[in-house]
Amino acid sequence: MNDYKLLLLANKAWAEQLREERPDYFTRQAEAQQPNFLWIGCSDSRVAPDQITNSPPGVMSIHRNVANLVYEEDRNLMAVLETAVERTRVRHIILCGHYGCGGVAQGWKREGTGAVGEWVAGVHDVYTEHAEEVDALPEGQRLNRMVELNVRDQLVRLARVPLVQAAFERGQELTLHGWVYDLRDGILKPLMTIDAGTRLDAVERPEPVLV
Ligand SMILES: [Zn+2]
């Protein structure tokens, strides 16, 4: 049997099981969504946000791109962000990188080509900003530190987006979290948070967690 057919079969089994356990489940799901979280993460297939956090459907809006980057010109991300902040009013936005990120590696070393190369160019700015610290590390630790510094810099960029700033100014409950997922043990490691009270020009580099 073709692999994609297995997906459809698995979906049927999943829906049937849920219907048995909670007969009103899909009726309620169809009414409206009220997610508490927006997740911005890497497209890497191993970092499946709802699975690694055991979140059922309806709890988390998800936006993923190569190397979990934030560009204000990215209308896709801005549309997701606007919906989450202004419409569904999530209380937490989690920006999550991961150990061994290929997108970060390509952007940092300017090795990406084609669309990926263009997309991850922003990672090189992260490297330029923190080159002294990254270059001083042993070779084997540099990529993990770049992953963490990328989370930091993207989180600050996210906090500077006008619609996020507007939410902070009107006193909306909203916290931005920078996390890293460690593929080696499956554990999410919180690096930092930003909220309305954070001075964005004085955000420190996070303590290293992914050695
Ligand atoms: Zn990645």
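A: In this predicted model, the zinc ion has the protein donors Cys42 (SG), His98 (NE2) and Cys101 (SG), at 2.1 to 2.3 Å from the ion. Donors here are N, O and S atoms within 2.8 Å of the metal (3.2 Å for Na, K and Ca), and sites may look incomplete because water is not among the atoms. Along the chain, the donors of the zinc ion follow the spacing C-x55-H-x2-C. Within this set, Cys42 in strand β1 (residues 37-42) and His98 in strand β3 (residues 92-98) link distant parts of the chain, being 56 residues apart. Helices (H or I, at least four residues) and strands (E, at least two) are DSSP runs, numbered from the N terminus. Cys42 is buried, with a relative accessible area of 7%, and His98 is likewise buried, at 1%. Buried means under 20% relative accessible area, exposed over 50%, and partly exposed in between, computed with a 1.4 Å probe on protein chains only.

The numbering and criteria are as follows. Residues are numbered from 1 along each chain as its sequence is written, and side-chain values use heavy atoms, with hydrogens and water left out. Because the model is predicted, local features need pLDDT of at least 70 and side-chain atom pairs count only at pLDDT 80 or more, while totals for chains, interfaces and linings use all residues.

Most residues other than glycine have a negative phi. Ala67 has a positive phi, near 75 degrees, and lies in the loop between β2 (60-65) and α4 (75-87). Arg110 also has a positive phi, of about 55 degrees, although it is not a glycine; Arg110 lies in the loop between α5 (102-108) and α6 (114-119). Ala67 is buried, with a relative accessible area of 0%, whereas Arg110 counts as exposed at 63%.

Aromatic contacts come next. Rings of Phe, Tyr and Trp (its six-membered ring) pair if their centres lie within 6.5 Å; planes under 30 degrees apart count as stacked, over 60 as edge-to-face and the rest as tilted. By this rule the count comes to five aromatic pairs. One of them joins Tyr25 and Phe26 edge-to-face, at 5.0 Å centre to centre with 90 degrees between the planes. Tyr25 counts as buried at 5% relative accessibility, and Phe26 as partly exposed at 28%. Trp108 and Tyr127 form a tilted pair, at 6.2 Å centre to centre and 50 degrees between the planes. Trp108 lies in helix α5 and Tyr127 in helix α7 (residues 121-135), so this pair ties together parts that are 19 residues apart in sequence. Both partners are buried: Trp108 has a relative accessible area of 9%, and Tyr127 is at 17%. Trp14, Tyr25 and Phe26 form one aromatic cluster.

Tyr25 also belongs to the lining of the largest pocket, as do Arg22, Asp24 and Arg28, among others. A pocket is an open set of points on a 1 Å grid over the protein atoms alone, where a 1.4 Å probe fits, with protein on both sides within 12 Å along at least five of seven lines; lining residues have an atom within 4 Å of a point. The volume of the largest pocket is about 230 Å³, a volume being the space filled by probe spheres set on the points.
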